[in-house]
Every structure is written in C-alpha cells, then in structure tokens.
Amino acid sequence: MGLTKTEIFTEEQNRMADLAKAFAHPARVAILQLLVSRKACVCGDLVDELNLAQATVSQHLKELKRIGIIQGEINPPRVCYCINPPVWEEAQRVFGAIFNTFVPMTVTCC
C-alpha cells in the first residue's frame, strides 16, 4: 500500500482531515461528548465514566490532544481535560463551511 501524499493537498484540507480524526472513532466521540456536557474540566474519572480500559482512554486522549481539540493539565497524580474552545470553534467553522456549500439538486443524479 502506498504512502499518503498529504503534501499534494492544501493546508486547509490537511487540517480538516486532522480535525475529522477527532470524530472518526466512537470512543473519541464519547470523550468529546462527555467533555462538552460537563462544561468544565474533567479530572481522572474518564475511565469510569466511559467503561473503557485506561490504556484505551489514554490513547484516544493523546490523539485528541495532538489535534488540539482538547487541552489538558497535568498535576500529578491527576490529569484534567477540557474542550479547547478555539479549536472547537475552528472545527465548527471548517465543517460548517463545507456542509453549507452543498445545495441539493432538483434532479436526481444517481
């Protein structure tokens, strides 16, 4: 299988794909939903709340943090996470822009 040629796409397309990764796994969606519903930082109880293994939750948190859609603060032994508002707004903007450009055709194409 060939390598992904991300360099042939625009910076905006690559960023949109990165943001889409945040929503590309149900565990990450569940984490985001939990953080959004709390409207505050969540410290340490994500594993209990999601009924997933610690390693699984950690892996998904790492990916969400890499993308920037969440932010975390490490104060051993606790780690607190919350939504990163500027990146959340960026995701709303870029996905809204593409969804809002679609105009249903009056004639069925397929």
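This is a predicted model: local features need pLDDT of at least 70, side-chain atom pairs count only at pLDDT 80 or more; totals for chains, interfaces and linings use all residues.

Is D18 buried or exposed? With a relative accessible area of 17%, D18 is buried, since the cut-off for that class is under 20%.

## Overall architecture

The chain contains 5 helices and 3 strands. Followed along the sequence, these elements are arranged in the pattern α-α-β-α-α-β-β-α. The chain is more spread out than a compact globule, because its radius of gyration is 17 Å, well over the 13 Å that the globule rule gives for 110 residues. Taken along the principal axes, the box filled by the C-alpha atoms is roughly 55 × 35 × 25 Å.

## Surface and charge

Among the 110 residues of the chain, 30% count as buried. The accessible surface amounts to about 8,000 Å², and carbon and sulfur atoms contribute 59% of that area.

The chain carries 11 positive and 11 negative side chains. The centres of these two sets are 2 Å apart.

## Helix α1 and the setting of L19

Helix α1 spans residues 11-22 and includes L19. L19 is buried, with a relative accessible area of 0%. Which residues does L19 contact, leaving aside its neighbours within four places in sequence? They are I67, V87, E90, A91, V94 and F95. Of these partners, E90 belongs to helix α5, which covers residues 85-100.

A further relation in space involves L19 and G68. The two are 49 residues apart in sequence, and their C-alpha atoms lie 8.6 Å apart.

Side chains of opposite charge can pair when their charged atoms come close. In this chain the count of salt bridges comes to 5. One of them joins R15 and E90, with 3.0 Å between the closest N and O atoms. This pair links distant parts of the chain, as R15 lies in helix α1 and E90 in helix α5, 75 residues apart.

The two partners fall into separate accessibility classes. R15 has a relative accessible area of 25% and is partly exposed. E90, with a value of 17%, is buried. E90 is also among the contacts of L19.

D18 is located in helix α1. Not counting residues up to four places away in sequence, D18 touches R66 and I67. I67 is also one of the residues in contact with L19.

D18 and K21 are separated by about one helical turn, because they are 3 residues apart in helix α1. K21 is partly exposed, with a relative accessible area of 39%.

D18 is also paired with R66, and in this salt bridge the closest N and O atoms are 2.8 Å apart. R66 is partly exposed, with a relative accessible area of 48%. Through salt bridges that share partners, D18, K21, E63 and R66 are joined into one network.

## The loop at N51

N51 is found in the loop between α3 (46-50) and α4.

Technical notes: Residues are numbered from 1 along each chain as its sequence is written. Side-chain values use heavy atoms; hydrogens and water are left out. Helices (H or I, at least four residues) and strands (E, at least two) are DSSP runs, numbered from the N terminus. The radius of gyration is taken over C-alpha atoms; the globule rule is 2.2 Å times the number of residues to the power 0.38. Buried means under 20% relative accessible area, exposed over 50%, partly exposed in between (1.4 Å probe, protein chains only). Accessible areas come from the Shrake-Rupley method with a 1.4 Å probe; for residues, only the protein chains shown count as cover. Lys and Arg count as positive and Asp and Glu as negative; His and the chain ends are not counted. The place of a charge is taken as NZ of Lys, CZ of Arg, CG of Asp or CD of Glu. Contact means heavy atoms within 4.5 Å. A salt bridge is a side-chain nitrogen of Lys or Arg within 4 Å of a carboxyl oxygen of Asp or Glu.
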